[in-house]
Amino acid sequence: MTIRNLEYALKPGSVALIGASRNANSVGGVIARNLVSGSFSGKIMFVNPKADTIQSFPCYPDIASLPEVPDLSIICTPASTVPPIVKQLGLRGSKAAVVISAGFAEHGEEGKQLQQDLLNAAKPHLFRLIGPNCVGLLIPGIGLNASFAQCNALPGKTAFLSQSGAVLTSIMDWANSREIGFSHLISLGGMADVDVGDLLDYLARDEATDSILLYIEHVTNPRKFMSAARAASRLKPVVVIKPGRHEESALAATSHTGALAGSDLVYDAAFHRAGILRVPTLEKLFDAAETLSRGTHIVGERLAILTNGGGIGVLATDRLLDQQGQLAKLSQHTIQSLSTVLPATWSHANPVDIIGDASSERYHSAFELLLSDPQVDAVLVINCPTAMVDNVGAAKVISSLSTKTKKPVFTSWLGSDGAAKARETFVRHRIPTFDTPGEAVDAFSQIVTHNRNQRHLKEVPERSIQFSPEAANRAKEIVRSARNNDHEWLSEYEAKQVLRCFDIPIVETEQVSNVDEAVQSAQRIGFPIALKILSPQITHKTDVGGVALNIQNQGHLIQTANAMLTRVAKANPEAEIEGFTVQPMAHRPRAHELIVGMTNDRTFGPVIVFGQGGTAVEVVRDQAVALPPLNTVLANELINRTRISKLLAGYRDRPPADLDAVTNTLLAVAHLVQEIPEIEELDINPLWADADGVLALDARIRIGNNGSSERLSISPYPANLVQSIKDRSGNQYELRPVKPEDVAPLRTFVDACDSQDLRLRFFSPMIHLPDHLAIRLTQIDYDREMAFVAFSDRQQSHLVGFVHLVMDPDRTTGEYSIMVRSDKKGHGLGYQLMLSLIAFARAQHLHTITGEVMAENTRMLKMCRELGFELHELEDDPSLVSVQKTLK
């Protein structure tokens with residue numbers, strides 16, 4: 001389940017507190033007090049068999065006695081009593097509860113069983129559970145405080161989800177002091193049922209929420225989380241703080257939540273891929289709350305700094321540039337205008353130092369000019385306390401002008417008591433204000449970074465790579481054979497053959513059983529050669545003396561091979577020696593040594609690793625990771641996150657490496673991992689890269705028995721859905737799921753359609769497909785959407801049909817849209833596209849397909865009737881017809 005029945009928890013019309021108490025200091029007493037102290041207009045009911053009234057409200061002895069079925073129940077009774085309580089609520093027709101009680105999965109095996117009993121009690125009734133072991137939830141917009149937090153929260157447009165009750169109550173206390181409000185404050189606790197992904201799905205569609213803050217310690221369902229996070233971050237800013245960046249703190253988080261946390265580096269990669277901004281500290285999360293709650297939106301990246309203290313302005317500039325920020329270059333007109341209103345000693349550049357004795361009028365004049373400069377996207381205003389400056393007067397001037405501009409403004413009035421009233425002025429005018437300029441710069445940089453991430457994720461790949469299905473099948477056979485022989489590791493020879501199947505260049509390698517065969521192999525290959533030990537038990541051959549390079553002749557080879565056998569047997573006497581691998585000595589002296597690989601993260605599954613390779617790879621530690629699947633944009637971005645990327649670009653007399661070849665290798669490994677789910681670990685180290693391309697010198701592949709394509713956290717491209725279809729006239733079309741690279745053919749397709757067809761499809765006049773819509777239609781989440789594109793040619797350059805299905809997060813209903821190129825209408829192509837879409841929806845076990853059609857679109861309505869759709873006119877808009885098909 002995802003968002004099903006969550007509206008009962010997050011928009012309740014009535015609330016019952018099970019375990020309400022007269023004891024003001026108990027959890028049940030505090031929650032009762034919080035419930036009645038708010039402005040919640042719905043019915044509040046208390047359950048306690050030992051009390052007649054609590055907080056002047058009637059109290060009922062049991063659930064059966066409640067006068068009505070509560071939308072939401074708050075349960076704070078002993079853990080052992082919670083499963084039967086949930087069962088009783090479900091039988092009465094209730095649909096949601098917040099379980100405050102502790103003592104579940106975080107308390108060992110007995111607690112885990114109790115948590116399963118809780119889920120078993122809820123499941124038959126589609127009953128949703130928030131918690132257990134949580135503080136509760138607050139929805140300030142409806143006056144609901146169903147928590148044991150120490151205070152109420154102000155209403156606002158920012159939601160905060162937290163796996164830590166302490167963090168949630170801390171940010172509440174801080175926010176109240178800054179008059180920062182929230183749409184929702186939800187303590188997630190143990191996430192037995194409702195988790196981060198569910199709430200992201202709900203809040204992404206919630207009109208009362210403009211931004212989302214997260215404190216999470218672990219992710220329970222990575223594919224659901226990634227889909228929900230990607231969808232939410234496209235609609236509104238999502239900022240996360242996750243503890244456990246170091247092993248010791250990760251262990252603390254594990255013991256706290258009762259869950260295993262994944263590698264922090266992989267969490268970083270997951271957040272980045274989802275378009276979520278990660279912040280490192282609670283202070284930075286507060287900064288984000290300050291900025292987002294004020295509705296601050298930044299379009300560009302150029303910051304102007306206005307200050308009455310030169311040194312402070314320089315420090316703010318350093319902070320900005322440390323974060324790869326951009327200091328605005330003032331226009332000549334602005335500089336000249338500033339010179340007419342400022343003392344001659346002003347800085348004549350950005351940062352704009354208006355000198356320590358700056359009056360309110362001077363602030364006004366300078367600030368107004370900076371806001372009018374087209375080369376300035378945002379302004380940071382700083383005030384340093386001096387005896388000559390009216391802090392509050394300057395704050396009022398800045399506040400007044402800030403309310404008249406669309407450009408974002410950040411403020412920092414330094415000092416303590418003297419600056420307090422000025423800060424109150426900014427808070428009243430909803431202007432972000434910070435104790436230090438560094439905090440203000442950080443807040444600005446957070447939004448800039450978020451915007452960059454979003455732009456990057458929407459970049460269109462320039463090309464894609466096709467891999468031969470036949471070659472992939474050969475690679476699968478190699479893996480299958482090794483599994484049948486109970487091998488955990490492929491031999492080097494087998495691993496390289498797998499790489500070759502995916503077009504990764506390898507050093508030609510021969511596998512031999514003994515020294516004599518090694519001599520024969522070397523004679524075929526030609527000296528000099530490299531010799532490596534061959535053993536299923538030895539993966540790091542260098543560590544046991546199992547690698548010899550630059551062997552020049554037969555005598556040298558025989559001597560080296562025998563010495564290697566002796567050396568390896570001594571170093572690892574248990575290892576089974578199967579022979580040697582022989583390969584020519586590759587000579588590319590200007591090549592860089594890289595590592596490309598894959599490993600299985602215990603939370604997010606397969607991750608792709610790239611960085612500087614060689615024997616010192618663990619010492620150098622120059623690696624970056626990314627979640628598969630990859631495209632060229634994502635692969636290039638992965639490369640650029642490493643230090644060695646700067647060397648690959650070329651320097652001095654060393655030419656640039658063939659980056660396309662490196663990118664192709666990353667794409668091949670990502671595709672390999674998708675095609676062969678039995679692969680648990682893969683290393684290509686070293687992968688040589690120079691101007692002539694790449695070359696894999698060594699490879700290791702570990703395999704398992706229970707691989708599944710579902711292990712990927714992001715649903716890969718569904719190549720199995722590629723097919724051919726024919727229209728009534730016998731014309732054949734290539735039909736396949738859409739790809740991000742289809743932006744150009746989709747634009748051409750829309751340009752070829754007449755204006756009337758475009759209006760009927762998009763419900764408004766359109767001449768060209770906007771960039772953002774083209775990207776949205778081609779960069780889809782295959783786990784929740786499907787779009788089929790039909791091409792009239794085998795080269796797939798002439799797109800003639802497009803059909804799209806968007807499934808709800810519960811995967812019960814999907815909304816379709818369809819369009820056929822104007823000159824292809826009337827031949828049944830649209831009908832065939834719909835049949836393909838309906839077949840897909842059935843395979844996904846959807847219950848219903850819906851859509852909206854303009855009433856004048858008689859051709860589409862006729863097709864819907866023929867396909868078994870029910871048609872209903874919309875009462876609120878007679879120009880539209882609702883169509884719906886129930887799938888059996």
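This is a predicted model: local features need pLDDT of at least 70, side-chain atom pairs count only at pLDDT 80 or more; totals for chains, interfaces and linings use all residues.

Reader: Why is histidine 272 called partly exposed?

Author: Its relative accessible area is 23%, and the definition calls a residue buried under 20%, exposed over 50% and partly exposed in between (1.4 Å probe, protein chains only), so histidine 272 counts as partly exposed. Histidine 272 lies in helix α9, residues 264-274, where a helix is a DSSP run of H or I with at least four residues, a strand is a run of E with at least two, and both are numbered from the N terminus.

Reader: Which residues is histidine 272 in contact with, leaving aside its neighbours within four places in sequence?

Author: With those neighbours set aside, histidine 272 is in contact with Asn453, Leu457 and Glu637. Glu637 is itself one of the buried residues of helix α22.

Reader: What makes α22 a mostly covered helix?

Author: Of the 9 residues in helix α22 (residues 632-640), 7 are buried, namely Thr632, Val633, Leu634, Ala635, Glu637, Leu638 and Ile639. What covers these buried residues includes α9, α16 (437-457) and β25 (605-612), among others.

Reader: How do you know that α17 and α18 are roughly antiparallel?

Author: Two packed helices are described by the angle between their axes and the distance between the axes. The axes of α17 (residues 469-484) and α18 (residues 492-501) come within 8 Å and cross at roughly 160°, where axes are lines fitted to C-alpha atoms, for helices over the stretch in contact, and angles run from 0 to 180 degrees between N-to-C directions. Angles under 35 degrees count as roughly parallel, over 145 as roughly antiparallel, 65 to 115 as roughly perpendicular and the rest as oblique, and α17 and α18 are therefore roughly antiparallel to each other. Ala471, Arg474, Ala475, Ile478 and Val479 in α17 meet Glu494, Gln497, Val498 and Cys501 in α18.

Reader: Why is α10 described as roughly perpendicular to α16?

Author: Helix α10 (residues 282-293) and α16 pack at an angle of about 70°, with their axes 9 Å apart, and that angle makes α10 roughly perpendicular to α16. The contact is made by Lys284, Asp287, Ala288 and Thr291 of α10 together with Glu439, Asp442, Ala443, Gln446 and Ile447 of α16.

Reader: What makes β9 and β14 edge strands?

Author: Two strands pair if DSSP finds at least two bridges between them, and the open sheet of 7 strands has the order β9-β8-β11-β10-β12-β13-β14, with mixed pairing. Its edge strands are β9 (144-147) and β14 (277-278), each of which pairs on one side only. Strand β8 (residues 136-139) and β9 pair in the antiparallel sense over 4 bridges, and leucine 137 stands opposite alanine 146 in β9.

Reader: Which strands form the open sheet of 8 strands, and in what order?

Author: The order is β30-β31-β32-β33-β34-β35-β37-β36, and the pairing is mixed. The edge strands here are β30 (723-726) and β36, each pairing on one side only.

Reader: How do you know that β37 pairs with both β35 and β36?

Author: Strands β35 (residues 848-854) and β37 (residues 877-886) pair in the antiparallel sense over 7 bridges, and valine 853 has valine 881 in β37 as its bridge partner. Strand β36 (residues 870-874) and β37 pair, again in the antiparallel sense, over 5 bridges, with histidine 872 opposite serine 882 in β37. A hairpin joins β36 to β37 through 2 residues.

Methods:
Residues are numbered from 1 along each chain as its sequence is written. Side-chain values use heavy atoms; hydrogens and water are left out. Contact means heavy atoms within 4.5 Å.
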